[in-house]
Amino acid sequence: MGFSTLVRTKDVDTVIHQNDEGGADHHAKLGKSLGARDLMGFGIGIVIGTGIFTLTGVEAKNHAGPAVVISFAIAGVISMLAALCYAELAAAVPTAGSSYTYAYTTIGEIFAWIIAWDLILEFALGAAVVARGWSGYLQSSFNLPQAFFGEEHSVVNLGAVFIAGILGVIAAVGIRESKWVTNALVAIKVSICIFVIVVGIFFVKAANYKPYIPPSRPDTKGASGLSQPLWQWASGSHATAYGLTGVLVATAVVFFAYSGFEAVANLGEETKDPAKDMPRGLIGTLVICTVLYLAVCAVLTGMVKYTGLSEGAPISDAFKQVGMGWANVVIGIAAVCGLSSVILVDIVAMGRIGFALCRDGLLPPAVGQVHPKFKTPFRITIFTTIAVCILGAFVPLATLAEMVSIGTLFAFVVVAIAVAVLRRTKPKMKRPFRTPAIPWLPIVSALACVALMSSLAVETWIRFLIWLVIGLLVYTFYGRKHSRLATGEKAIAGVDDADPVDA
């Protein structure tokens, strides 16, 4: 396996035209039905969820105190830098596969495969994690049996199977149906977020913000050895909580809250006017979500002293502590809606990643077939749903949640590199949206993502490397030999034989 084989690339012009009309291949076309508002709906649908309903309390209590607002702000800024890079590529090269395809056109097939393998981890595992969280919230609200709906003493998590199955069917039936459901759920949970901010602000006490950044102290939660952040373990430092270190550790964890926004970039082929709508959808998603996160965090830590926050249901518990227990029902509805939309968008995005891999021959092409009526990659969506149901039913996934962040951060690094590389290799390519301050903004974006990755636990890195090894084995024994570039086939249907494909 020569190095030139590993770094062979697809031609950008070929990728741009791969969804043109007239192709005979069953991968040739996805239906176009999305606008900028729909893209923001999908983006908000996946971003506003676990982060706002759980991570706010967990990280304020254990790592950052009231300064968890700073943690969310830093994570939001780093995500915005990545979004500006995504926006240029998504507008110029609107395609299913997002960062996977961008890597394929710039730095080579093996790197593209690694990114795709990371995205599979992010979306499939993320959906299973949130499905179990959805089931746990349902169990808590209605006192259902722990054995079938809870996390502890669980035999088989039927709640996770139920919600993943229902939403998987919606994702397979059509992107328009997914859009309608997502937009409805987003409207509900954004309204509840506004409710929390507007009502909760009347219970804010300035004393609860003191100290804003609690002084650093030894971590009594046992974060030592492999559970330490990578940089802390490598430097031989002792595990600490709070202080500047705590704020940075919290930033790496709450980044999970933003990690799904690039799912919007996977919908480029289904967008009516990607040149205008993709940048608006990506940037609009992050602006809205960051504002909501910061406002909710500020209100929450002002309502209740950070040491008294609940780790399981911080927002509803905060209202209970200030004498508004009736708000539990309202917030419970928002949590169920919020987590439902996250699962749905995860499954939709996973279907598009699989579709792109199958179209390029890195996975069996038949798996990525587009349904003639629904215009969705129904087979890969069904396979994804089955996998999510199995994982959600039997595997406790709390310890693997950080893996979603590490995979996403790695993808962000590649996208930043891809923007800079394409500016040099394809200077005349049409770019409806241009990332500012090239190459400095992509460099800062990549370095910031690497810094956040170093704040994740050593054991997370070990699991991540094991996952990468499995992916490399799949590529070595199947993808490398069956890739469209390897077999000499045209990269897509509907493109003339003369279209260039870099080897």
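Start by selecting Ala437, which sits in the loop between helix 17 and helix 18. The model is a predicted one. Colour the backbone by phi and Ala437 shows a positive value of about 55 degrees, although the residue is not a glycine.

Next, select Ile438 and Pro439. The peptide bond from Ile438 to Pro439 is cis, with omega near 5 degrees. Pro439 belongs to the loop that runs between helix 17 (401-425) and helix 18 (440-454).

Now go to Lys210 and Pro211. These two residues are joined by a cis peptide bond whose omega is about -5 degrees. Pro211 is placed in the loop between helix 10 (175-200) and strand 1 (217-218).

Last stop: the cavity. A search of the whole structure finds one cavity of 30 Å³ or more. The volume of the largest cavity is about 130 Å³. Select Ile46, Phe256, Ser259, Val342 and Asp346 to centre the view; of the 16 lining residues, these lie nearest the centre of the largest cavity. Then show helix 3 (36-47), helix 4 (50-64), helix 7 (109-142), helix 12 (243-258) and helix 15 (327-359), the elements that each give two or more residues to the lining. Helix 7 gives the most, with three residues. Coloured by class, the lining of the largest cavity has eight nonpolar, six polar and two charged residues.

How values were computed: Residues numbered from 1 in each chain as written. Predicted model: local features only at pLDDT ≥ 70, side-chain atom pairs only at ≥ 80, totals over all residues. Heavy atoms only, no water. 1 Å grid on protein atoms, 1.4 Å probe; cavity = no way out; pocket = protein on both sides within 12 Å on 5 of 7 lines; lining within 4 Å. Points joined across faces, edges and corners; volume = space filled by probe spheres on them. Helix = DSSP H or I, 4+ residues; strand = E, 2+ residues; numbered from the N terminus. Nonpolar A, V, L, I, M, F, W, Y, C, P; charged D, E, K, R; others polar.
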